[in-house]
Amino acid sequence: MFLTETDFINAKLMAEGAMNESDIIKYILNNDISSPQKKKMQEGERYYNGEQDILQKDFRQGRILETEETGEEHNRVFQNYNRSNHKNVNAFLKILVDQKTAYLVSREPTISVLGAEQNKDLKDYETILCDFADDTFNEVLQDFVTGASNKGFESIHVYYDEKGQLQYQVVPANEVIPIYDTENEKELLEVIRYYDITVVKDGQQYTRKKVEWWTKTNVTYYIEQQKDMYVKDTSIPFNPSPHWWSVTTTLDGFEKKRQGHSWGRVPFMILKNNRNMTTDLEHIKGLIDAYDLLSSEGTNNFLDLVELYWVIAGYGGETANAIAKRLRINKAVHISDSSGKIEAKQVELPVSGRLEYLKMLRKDIFHFGMGIDVDSDKFGTAPSGVSLKFQYTLLDQKAGNMTSKLKKAIKELLWYVTEDYNSKNNTNYDANLIKVDINKNMITNDAELVSMIQASKGIVSDKTLLAVHPFVSDVNAEMQEMEAEEKRAIEQFDPYKGLGDDDEQ
């Protein structure tokens, strides 16, 4: 869940009338852990990892209706251990989420600085940002988008490591409680992060929580001393602490001076999956469960299928058993009783109806999951650019709910990169000049697209054209390579190169 200032005040009042920090933390954490949103997060992660509800289904278990002597009816659970118990897990959510992630961030975003084409200083700034946006950066973005899709939102935390280097990492939303302003619910005012640790006491292991309460100016560390009793963590020398420290050392390597600094904002970036922070699973879970159930039932029926069985009429139990045994061994039997009858029957399962229903469910899953079913008969039959783009309509709509939020989160991360560089290099770059473009990735008609790009030369900027070129995965790197090639070409074919060398000798 996420909180507002009003929710935070209410939490203080609701904590059984107590105003101490421990009760407030206990109240907020317990409510967050049991909140519907956190349960949906766990559900989304489970289904993405293939841990679906069908795995809890026991097909060997059934119910029969029994009537008592009194006439009262009741259901009785029974176990049939001869029944197959196979479970088919159909990982539709993973396919849909991975499609969305690949569509948005499999190609690195284009990062540019306004005015860089006319200003060398700004061009240098753009190069710094592009160098930062390496493969690790794109890998984090992929985890960022995947996490938000499965959990409703995801977060990135910015911090300094022991060497004073700026670092960033995805912090699971399961561990995060964002606190927003009450009026617009847009400005992130505080973040509470909590996670489990293992404590050994008197030879026994206990699970306890650590809590970090981040504000715009500092962070306070708490630890769960006993069950639901929180105290400030005494292992932290300065608590509350500033966001980060700058350390001055002597020539001998000893610490001379330490100064605390704050970012002036909470060093977390929150990426919402959509406006309501719902997961990509919520609208299709029932359909996936139905598909898993029907598919598993069909598999178990096939596994338990007796292709041919014998109807032996007119004989007692022992005689029928003997006849069945002879049939298995000799494939034939002699019958002397004219009133007896042996007949072979074949079992047929309603396969066609089941397959049609599974086909309908699959279609609904991709439709309401807003993805692309690449196994569809229609996909690829008309490979023109327009038809291919039409296939991406629903995926593009779903991704569009996140695109602006993702661009904003990337710009915010680059703000920290800019501030870090400015403080270490005595520069004054302005992060407000940063422009981020998401390079969506889709199957295209390459020949048709390249022809369109060629026809657009001189009408649209080279950077825009590179962003849609099928051979370019990293626009920033490609721009730098093109500039380097142009520079080498100028130096190689410069007609005046070397003419002044003799005059100087």
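Colleague: How many helices and strands does the protein have?

Modeller: This is a predicted model, in which local features need pLDDT of at least 70 and side-chain atom pairs count only at pLDDT 80 or more, while totals for chains, interfaces and linings use all residues. Residues are numbered from 1 along each chain as its sequence is written, and side-chain values use heavy atoms, with hydrogens and water left out. Helices (H or I, at least four residues) and strands (E, at least two) are DSSP runs numbered from the N terminus. On that basis the protein has 15 helices and 18 strands.

Colleague: What percentage of the residues in the protein is buried?

Modeller: Buried means under 20% relative accessible area, exposed over 50%, and partly exposed in between, with a 1.4 Å probe and protein chains only. The protein has 505 residues, and the buried share is 37%.

Colleague: At roughly what angle do the axes of helix α3 and helix α4 cross?

Modeller: Axes are lines fitted to C-alpha atoms, for helices over the stretch in contact, and angles run from 0 to 180 degrees between N-to-C directions. Helix α3 covers residues 36–48 and helix α4 residues 92–105; their axes come within 7 Å and cross at roughly 95°.

Colleague: Which residues make the contact of α3 with α4?

Modeller: Contact means heavy atoms within 4.5 Å. From α4 come L93, K94, V97 and D98, and from α3 come G44, Y47 and Y48.

Colleague: Which residues of α3 are buried?

Modeller: Helix α3 has 13 residues, and G50, whose phi is positive, near 80°, follows the helix. The buried residues of α3 are Q37, K38, M41, E43, G44, Y47 and Y48.

Colleague: Is K363 buried or exposed?

Modeller: K363 has its place in helix α9, residues 351–368. D373 is 10 residues away from K363 in sequence and 7.9 Å away in space, C-alpha to C-alpha. With a relative accessible area of 63%, K363 is exposed.

Colleague: Which residues is Q165 in contact with, leaving aside its neighbours within four places in sequence?

Modeller: Q165 lies in the loop between β5 (153–160) and β6 (166–171) and is partly exposed, with a relative accessible area of 42%. D420 is 255 residues from Q165 in sequence, yet the two are 9.0 Å apart in space, C-alpha to C-alpha. With those neighbours left aside, the contacts of Q165 are Y159, Y160 and K424.

Conventions: The expected span of a helix is 1.5 Å times one less than its number of residues.
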